[in-house]
Amino acid sequence: MATPIKRIEKEFLLKVLHDEQIPIIYLKGQTQHTFVLEKPAKGQMVFKADRPVEGLKLRKKLGLMFDYRGQVTTFSVEVSDFKDDHIVTSEPESLYKNLERSFSRVSSSPNLEVQFTFSSDRYSLSYPKIDEYEKMDEETFMDSVDPKNLSGLIEQMAAWIKGHASGYKLIIFKDVKPASMEEQILAETGRAFYLPSVAEGFPDDDPYPQKRLVTADVFKRFLEGTGVDLKLLDNVCARFLEQKHENGVISDLWMPILFQEYVIGYVHIWINTGDKPPFGYEVIDTLYQFSKILANSLKVNGYFEAGKIKNEPFEGKIIDISASGILFSYPNSPFASALMPNSELLMKLISPRRTVSANALIVRRYKDAVNGYFGCRFVGMAPEDLRFLFEYIYGKPFTDSDATFLSGQV
């Protein structure tokens with residue numbers, strides 16, 4: 001029998017749903033949707049779906065489920081607002097665990113093979129590297145921007161910056177290595193170094209679902225990693241801000257330029273006069289978009305071409321599989337290092353009876369001395385393929401009752 005989760009554990013699970021961006025599954029008939037929680041749950045839940053959900057209505061009840069460290073949890077919420085792929089619901093009254101089900105992740109059948117190719121061009125570059133893959137969403141780029149016109153793009157960015165900042169600097173890490181503390185921390189974290197007001201210090205919180213800012217805690221962890229004694233962290237941080245103030249800086253923003261898993265450079269803007277307001281989040285958002293357009297422009301102009309990885313099919317060893325995801329291994333190698341969380345693979349699951357095609361989104365990875373292990377979530381699998389895969393790996397018919405308990409997020 002499903003067991004209600006106590007209040008303290010419920011609050012913890014709702015928090016990690018947002019903090020760790022854990023996939024949340026919604027099953028509608030034979031269609032599976034994946035949600036992530038965009039904002040912390042405080043009286044309501046704001047989800048982003050992998051695609052718009054058909055048939056949504058106000059006050060409609062949604063049964064949702066997620067897997068946290070092998071424990072499948074379900075809950076029910078009521079729709080209060082929705083638009084395109086964004087859905088706002090009530091906060092659940094209860095969460096339930098210990099579901100009665102006869103299937104989950106299963107060891108691979110010896111007759112099942114998997115083959116992958118990258119869904120987009122991948123690169124092996126000498127720039128600083130972070131632990132996550134930055135997806136290039138070219139549809140968000142400005143219509144007025146010609147990505148081939150790099151100099152025109154920089155002029156357009158400079159004109160915008162002039163209205164918001166005292167000055168700017170654009171640095172690419174091709175011929176220079178990160179040297180200053182700001183350069184080192186953005187190269188290590190891939191996050192923007194942001195001081196809305198030097199006098200007030202670092203932001204305490206990061207409001208972005210995919211963490212984007214160097215907060216006070218992140219800065220102190222960085223200092224600790226450089227060897228600063230724990231007892232001295234506050235003093236070192238205070239002295240750093242004092243030096244900024246002594247140099248006349250009022251507001252400061254260093255935006256990394258991310259290309260896939262690489263930090264290829266940054267745009268630094270600052271205010272040192274009293275005629276401009278401190279940088280707000282709208283400045284961060286616009287400069288972030290400019291950084292994405294810059295990265296795409298560099299790609300279009302061939303800056304990364306020499307590092308392109310030849311995109312040939314490769315086979316992974318299936319460790320276990322469910323109807324919604326797969327865990328596979330691949331030997332440690334420079335190639336395996338390109339298999340990053342948030343990167344997407346084109347997948348073929350080959351059985352004697354049928355080949356199932358879908359995209360596989362890497363959601364986590366780890367490694368031992370020999371192999372890397374990659375947990376993937378299936379994306380865009382056709383309903384008939386989902387039914388076949390379910391029946392093939394579990395050896396039982398796919399019923400509406402089974403769909404309710406579909407689980408096994410890797």
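1. Which residue in E16 is the bridge partner of Lys-317? In this predicted model, the partner of Lys-317 is Ser-329, and the pair can be looked up along the two strands described in the next point.

2. Strand E15 (residues 314-321) and strand E16 (residues 325-331) run antiparallel and are joined by four bridges, and together they form a hairpin that has three residues between its strands. E15 is also joined, by three bridges, to strand E10 (residues 113-118), again in an antiparallel arrangement, and here Phe-116 stands opposite Phe-314 of E15.

3. The buried residues of H1 are Lys-10, Leu-13, Leu-14, Val-16, Leu-17 and His-18, while just after the helix Gln-21 takes a positive phi of about 50°.

4. The largest nonpolar core holds 58 residues, of which Phe-202, Phe-219, Leu-253, Ile-264 and Ile-269 touch the most other members. Several elements give two or more residues to this core, including helix H2 (150-162), helix H5 (233-246) and helix H6 (281-300), but strand E14 gives the most, with 13 residues.

5. Setting aside neighbours within four places in sequence, Phe-202 is in contact with a number of residues, among them Phe-193, Tyr-194, Val-214, Phe-219, Cys-237 and Phe-240.

Note on methods:
Residues numbered from 1 in each chain as written. Predicted model: local features only at pLDDT ≥ 70, side-chain atom pairs only at ≥ 80, totals over all residues. Heavy atoms only, no water. Buried < 20%, exposed > 50% of the residue type's maximum accessible area, 1.4 Å probe, protein only. Pairing = 2+ DSSP bridges. Core = buried A, V, L, I, M, F, W, Y, C linked by side-chain atoms within 4.5 Å. Contact = heavy atoms within 4.5 Å.
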